[in-house]
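Here is a short briefing on one protein chain. Keep the sequence and the 3D view open as you read.

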Amino acid sequence: MENATRKRLVDIAYKKAQMPFHGYIDGNLSNIQPIIEYFPKWNIKDADKLWCAAFVYYCCVEAGFEIPYSPNECATCSLAGCGGWEEFAIKNNQIEYHKKDTDFSPKSGDIVIYDNLFCNQEHDHIGIIVEVKETTIIVAEGNIPHSNQSGIIERTMDNHIRAYIRIPDGYRY
């Protein structure tokens with residue numbers, strides 16, 4: 001397996017988001033099975049409209065990062081949930097976790113966690129940054145809010161951003 005890098009993560013996330021993956025929309029069957037197969041307690045029906053964090057995990061694994069779907073640091077859920085990603089990053093000293101109000105400049109390949117974007121709750125959405133502009137970020141996301149499909153979206157760096165996660169190149173759990 002090629003060495004995992006954030007650059008490789010960006011390339012994979014960009015391509016995978018544009019496929020696009022989608023849940024059940026307009027009477028069409030879902031194609032998210034490759035994403036949720038990493039989560040043995042899940043099925044396509046249960047994952048429908050809830051798979052943004054699973055998409056991030058899928059891209060990380062495809063990029064070569066070796067992370068269990070439910071690391072010991074995750075107390076409330078697996079990495080199929082945004083809260084699981086936050087717990088993992090906060091408790092694992094190899095992973096960088098930066099609240100939005102800290103002196104941190106996000107870069108391509110970082111993971112962004114949002115608040116109040118999807119269902120008006122804390123850490124309710126997540127994506128992989130593919131490009132950083134002056135006041136916006138371009139993000140590869142699974143289950144874009146209210147569309148149930150993946151894509152590339154430009155978002156402002158505003159109060160919806162909760163935190164950034166940076167996985168180091170070559171990371172192995």
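## Layout of the chain

Read from the N terminus, the elements run α-α-α-α-α-β-β-β-β-β-β. That makes five helices and six strands. The model is predicted.

**Overall shape and surface**

- The chain has 173 residues, and a compact globule of that length would have a radius of gyration near 16 Å. The chain has 15 Å, which agrees.
- Along the principal axes, the C-alpha atoms fill a box of roughly 45 × 35 × 30 Å.
- Of the 173 residues, 52% count as buried.
- The accessible surface comes to about 8500 Å². Carbon and sulfur atoms account for 46% of that surface.
- Take the contacts between residues at least 6 apart in sequence: 57% of them join residues at least 24 apart.
- The chain carries 17 positive and 24 negative charges.

**Helix H4**

- Helix H4 covers residues 52–62.
- H4 is mostly covered, with 10 of its 11 residues buried.
- Its buried residues are Cys-52, Ala-53, Ala-54, Phe-55, Val-56, Tyr-57, Tyr-58, Cys-59, Cys-60 and Val-61.
- What covers these buried residues? Among the helices, the cover includes H1 (6–17), H2 (33–36) and H5 (82–91). Strands S2 (111–114), S3 (125–132) and S4 (136–141) are also included.
- Is Val-61 buried or exposed? Val-61 has 19% relative accessibility, and the cut-off for buried is under 20%. Therefore Val-61 counts as buried.
- Val-61 and Lys-16 are 45 residues apart in sequence. In space, their C-alpha atoms are 12 Å apart.
- After H4 comes Gly-64, whose phi is positive, near 100°.

**Aromatic rings**

- The count comes to 11 aromatic pairs.
- One of the pairs is Phe-21 with Tyr-58: the ring centres are 5.6 Å apart and the planes stand at 85°, so the pair is edge-to-face.
- This pair links distant parts of the chain. Phe-21 sits in the loop between H1 and H2, and Tyr-58 sits in helix H4, 37 residues apart.
- Phe-21 and Tyr-58 are buried.
- Phe-104 and Tyr-164 form a tilted pair, with 5.7 Å from centre to centre and 40° between the planes.
- The pair of Phe-104 and Tyr-164 also links distant parts of the chain. Phe-104 lies in the loop between strand S1 (96–99) and S2, while Tyr-164 lies in strand S6 (residues 161–166). They are 60 residues apart.
- Both Phe-104 and Tyr-164 are buried.
- Which residues form one aromatic cluster? They are Phe-21, Tyr-38, Phe-39, Trp-42, Phe-55, Tyr-57, Tyr-58 and Tyr-69.

**Ala-89 in helix H5**

- Find Ala-89 in helix H5.
- Why does Ala-89 count as buried? Its relative accessible area is 2%, and the cut-off for buried is under 20%.
- Ala-89 and Ile-165 are 76 residues apart in sequence. Their C-alpha atoms are 6.6 Å apart in space.
- Leaving out residues up to four places away in sequence, Ala-89 touches Ile-95, Glu-96, Tyr-97 and Ile-165.

Terms used. Residues numbered from 1 in each chain as written. Predicted model: local features only at pLDDT ≥ 70, side-chain atom pairs only at ≥ 80, totals over all residues. Heavy atoms only, no water. Helix = DSSP H or I, 4+ residues; strand = E, 2+ residues; numbered from the N terminus. Rg over C-alpha atoms; globule rule 2.2 N^0.38 Å. Buried < 20%, exposed > 50% of the residue type's maximum accessible area, 1.4 Å probe, protein only. Contact = heavy atoms within 4.5 Å. Areas by Shrake-Rupley, 256 points an atom, 1.4 Å probe, with all protein chains shown as cover. Lys, Arg positive; Asp, Glu negative; His and termini not counted. Charge placed at Lys NZ, Arg CZ, Asp CG, Glu CD. Phe/Tyr/Trp six-rings, centres within 6.5 Å; stacked < 30°, edge-to-face > 60°.
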